Amino acid sequence: MLKIRIYAVILFLFIILGCAKKAVVKEDSILLSHKFQEGEITKYEMTAIIATTMNIQNRMQDMTTNISFIISNQIEKISGDTVFMKLSIDKAEGSIKVSGMMQAIPDINKLKGKSSKVVLLKNGEVLDIKSDKEIEDAQDKGIELKDYVENLYSFLPDKELNIGDIWEKDSDDKGVHSQAVYTIIGLKEDNNGKQVAIISKESNESVSKEVDQGGMKGEINISGKTKGKIFCSIKDGSVISSNMHSAMEGKISGIMGDMEIPIYTNQDVKIKKIK
């Protein structure tokens, strides 16, 4: 009787392990693409901590910027392969700490209630963004709506992949260049039992653009790397959360005559779906 029970247990384990193996293979092949639904509203919280150090005449000056936004994304219309979206800012807060003194980012609270109209293709390519004047004026205060849209909608490959597969995405817009490599590193279930893909991102970034600091105009040239993870719903391609860290260095020129100011920056950006 004992031997029969042992054989039964071994047979049971083989059946379970065999089924489990087949389930994993079946789940490995997944389609990563966005499934937009007209009328759908999703809400995201985005926070950023940016630590910047500048070397001004051999004197190091540190600055830390904290920014927090809550943004509602509404799919207003879908026409063929084109998606028309409205982004509304529900919350906008931010502060800057320089040499131990902290102050609110001027007028950032005025962004609350403002909106942007976004036109993009179903593959995530951004065709056009038109924003309220307050948002346009705030582009140097930490909110780049095109980056926000691309980080949510423009990175998926729109094809079936297995765990371990990689794909690349390059972008070049207004002096900001990125070469990103994405890898599916695993799958998991969320608290509601829905399948989530875990995606790693590594990218080389470079920025070369004009800046305006209190009326003093110059040019910034910096480069570095970004690394992080994205948790993405397999069902509809929506981002559940993402966490990115960027480390960059370079120089600012033109603001103080012919002087070139070395600059180093570390940035942590988190995006979380809250609705």
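The side chain of T265 reaches the backbone oxygen of A51 at 3.5 Å, a polar contact, that is, a pair of N or O atoms within 3.5 Å in which, within protein, one must be able to donate a hydrogen and the other to accept it, and residues adjacent in sequence count only if both atoms are side-chain atoms. This is a predicted model, in which local features need pLDDT of at least 70 and side-chain atom pairs count only at pLDDT 80 or more, while totals for chains, interfaces and linings use all residues. Residues are numbered from 1 along each chain as its sequence is written, and side-chain values use heavy atoms, with hydrogens and water left out.

- T265 belongs to strand β14 (residues 257–273); helices (H or I, at least four residues) and strands (E, at least two) are DSSP runs, numbered from the N terminus.
- The relative accessible area of T265 is 14%, so the residue is buried; buried means under 20% relative accessible area, exposed over 50%, and partly exposed in between (1.4 Å probe, protein chains only).
- Not counting residues up to four places away in sequence, T265 touches I50, A51, T52, I222, S246, A247 and M248, where contact means heavy atoms within 4.5 Å.

**The chain as a whole**

- The protein chain contains three helices and 14 strands.
- Of its 275 residues, 35% are buried.
- Among contacts in the chain between residues at least 6 apart in sequence, 56% join residues at least 24 apart.

**Nonpolar cores**

- The largest nonpolar core has 46 residues, of which L32, F69, M85, L87, L111, Y148 and I199 touch the most other members; such a core is a set of buried Ala, Val, Leu, Ile, Met, Phe, Trp, Tyr and Cys residues joined through side-chain atoms within 4.5 Å.
- Strand β4 (residues 82–98) gives the most to this core, contributing six residues.
- Another core, of eleven residues, lies apart from the largest one and includes I56, V207, V211 and I263.

**The second largest pocket**

- The second largest pocket holds about 320 Å³ of space; on a 1 Å grid over the protein atoms alone, using a 1.4 Å probe, a pocket is an open set of points with protein on both sides within 12 Å along at least five of seven lines, and lining residues have an atom within 4 Å of a point.
- Its lining comprises 14 residues, of which D190, N192, K194, V196 and I240 are the closest to the centre.
- Strands β10 (176–189) and β11 (195–213) are the elements that give two or more residues to this lining.
- By class, the lining has two nonpolar, five polar and seven charged residues.

**S233 at the end of its strand numbering**

- S233 is found in strand β12 (residues 216–233) and counts as buried because its relative accessibility is 9%.
- The side chain of S233 reaches the backbone nitrogen of K235 at 3.3 Å.
- Leaving aside neighbours within four places in sequence, S233 is in contact with Q195, S238 and I240.

**Residues with positive phi**

- Most residues other than glycine have a negative phi.
- D107 has a positive phi, near 65°, and lies in the loop between β5 (101–104) and β6 (115–121).
- D107 counts as partly exposed because its relative accessibility is 46%.
- D158 also has a positive phi, near 60°, and lies in the loop between α3 (145–153) and β8 (159–161).
- At 49% relative accessibility, D158 is likewise partly exposed.

Terms used
Grid points are joined across faces, edges and corners, and a volume is the space filled by probe spheres set on the points. Ala, Val, Leu, Ile, Met, Phe, Trp, Tyr, Cys and Pro count as nonpolar, Asp, Glu, Lys and Arg as charged, and the others, Gly among them, as polar.
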